[in-house]
Amino acid sequence: MGFIAPLMFIAGGTVLAGIVAMYILRLRREERTVSSTFLWNQLVRDVEANAPWQRLRHNWLLWLQLLIALLLAFAIARPFRETVGVSGQNLIVIIDRSASMGATDVEANRLEAAKNEAIRLVDQLPDGARATIMAIGGELDVPAAATTDRREIRDAIEGIELRLGGGSDMSQALSLAGALAAREEESEVAILTDGQVTVPMSATLPAKIRYFPVGSSNNNQAIAAIALNELAPGTLTFFARVTNQGQERVTRRLLVTLDGTLFNAYDLEILPGQDQTVNIDVPSTASTVEAWLDGSDSLPSDDVAWAIRPSSDAIPVRFVTPGNRFLATALGLMPRVQVSAYLTETATFTDTALLTILDASLPEPLPPGNLLFIAPYRSTEYFSVTGSLDRPVPRPAPTDDPLLRNVELGEVNILKSARIENAPWAHTVIDSAAGPLLIAGEVDGRRIAVLGFDTHDSDLPLNISFPLLIANLVGYLAPGTGGDSAILPPDQEFAFAVTNDISGVRLIQPDGKTHEAAPNNGLVSFDGSLMNQAGIYSVELLNDGVVARSQRYVVNAYRESEAKITPVQVLDVAQIGGGQVGSSETTQAKAGREEWWRWLALAALIFVLIEWVFAQRSALTRLKLWWNARRSAA
């Protein structure tokens, strides 16, 4: 135990001495009944002769007052005991709300445990200290910023909810935390996560960092892929891949329903870190499949998945190119994609297409709608080209981007690439030591991706990863057309183009809630927060309030990075002084202070009340007698 203000004991000792002195110096007179005032003069002389210092006698009021003063002296000295926590004047709390935090290996789930721990840390803060709450997992949220209002802080923490997708990239959160910490002395950063996060290599914070790992189990099996494929007219095939992210062999039963009716069940024995697949023919009339794993594991959200039958409607894609057989072949492998090729960049496009691919072409003005730039030779309004890169070695950016799903870059060689400067709206998908090779993002209501190198200047088209990369890019830029037809990533904005006859679009979520949006320059978008439910979404295209066309889409919860739920005990973030955070020693260091002064002040208040009752006992007795007499008279 320690004291924040030990000098306050001097003031407390002075008060105690004063109370004792008052009792010693107090003259004690006895009440006497006399028959005549003749004796009064003698009594006065006895009082005047009375010495000022008296022997201290037993008195219950004295002991009560000494006890009250002692409690108050301890309270203003602010005693505390050291606990695992924080003690700064400016606390920045980063809470992970990504899908892996839904694991139930702790009470309720990991997110609830992290929120309870965050509230405990906030309660440790000294009076007047500020706190900032950040939520990572998807888009960064800051529900409370630099506030001393404990109720606002608690409400901000309790309002954080799980997000299905978006990953757990800590780049933005650490950058903002560093800026806030640099402005305030005695800043501390508390990170509450299971450790399945992406930390930028250059992250160094000018503050003390405390990492509080959450979770204890790695037992998780998931439906990693699911599809209904029409390989030939009249033939429908169901495919599912189940993965075991745990460290023990398990047996799980996969149940499959077609259009709401149980179709079959399959017992799967899966080794640690391995997959099992199911590939069967199903009735050609099926339009919807739902599969789920019977039994339990620590992360139930990825135990269920949906797939829908691909629509037969063709989706037009513009392809502006001087001639690229590799790209044309890759686009031709994708179902539902109807490519319209233009061999010159002098064409002018005024109508909005869902996607325009600009291969070594930059028409002026740029076509409306979503855009895929390949080998741009000059800057545009959305990005800058500042030169070229010679023989860049590609590597995936450390964000587990879904655009690189099933794509291997280890054996890809590139002769040269345009040097693309990082744009504020984009994130890096493929990086290199000299700069990004592929960026993607959203700006001005449209999705844009920029691939810096010409396919003819690399051996990527000779690699199996090439059609997969193009399918992923097209699936991102034209949702529902990529390798996983009509499957959308969770927590990402859903944007698409509509024809001029469409006046509105209605989105129906899996729980039945509806949201409407109006086209803007031929584009319609729905916020990523609306795509946070797993299940089947319906999109209705409206013409003056009447449904002209409809399309269904699927959002599944599985994400490879989130399915790996093994808690990480060491977080590679450099803090002030150069130390790393996250080791068991750092995590268990007793940096927090649990103060007791409130309880001591409450006890002092209770004893003050007892003293008042003791001192006024005669008056209270008379009051009781008067009340009883009044009740009797009534």
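Contact here denotes heavy atoms within 4.5 Å. The model is predicted, so that local features require pLDDT of at least 70 and side-chain atom pairs pLDDT 80 or more, whereas totals for chains, interfaces and linings use all residues. Residues are numbered from 1 along each chain as its sequence is written, and side-chain values rest on heavy atoms, without hydrogens or water.

**View 1. Surroundings of V505 in the largest nonpolar core.** Beyond its neighbours within four places in sequence, V505 is in contact with F496, V498, H515, E516, A517, V524, F526, V539, E540 and L541. The core (buried Ala, Val, Leu, Ile, Met, Phe, Trp, Tyr and Cys residues joined through side-chain atoms within 4.5 Å; buried means under 20% relative accessible area, exposed over 50%, partly exposed in between, with a 1.4 Å probe and protein chains only) has 58 residues, and F496, V505 and F526 have the most contacts inside it. Helix α8 (residues 465-477) supplies the largest share, 8 residues.

**View 2. N556 in the loop between β31 (546-555) and α9 (560-563).** N556 counts as buried because its relative accessibility is 11%. Its side chain reaches the backbone nitrogen of W306 at 2.9 Å. Leaving aside neighbours within four places in sequence, the residues in contact with N556 are I226, A305, W306, I487, L488 and P490.

**View 3. V613 in helix α11.** With 38% relative accessibility, V613 counts as partly exposed.

Conventions: Helices (H or I, at least four residues) and strands (E, at least two) are DSSP runs, numbered from the N terminus. A polar contact is a pair of N or O atoms within 3.5 Å; within protein, one must be able to donate a hydrogen and the other to accept it, and residues adjacent in sequence count only if both atoms are side-chain atoms.
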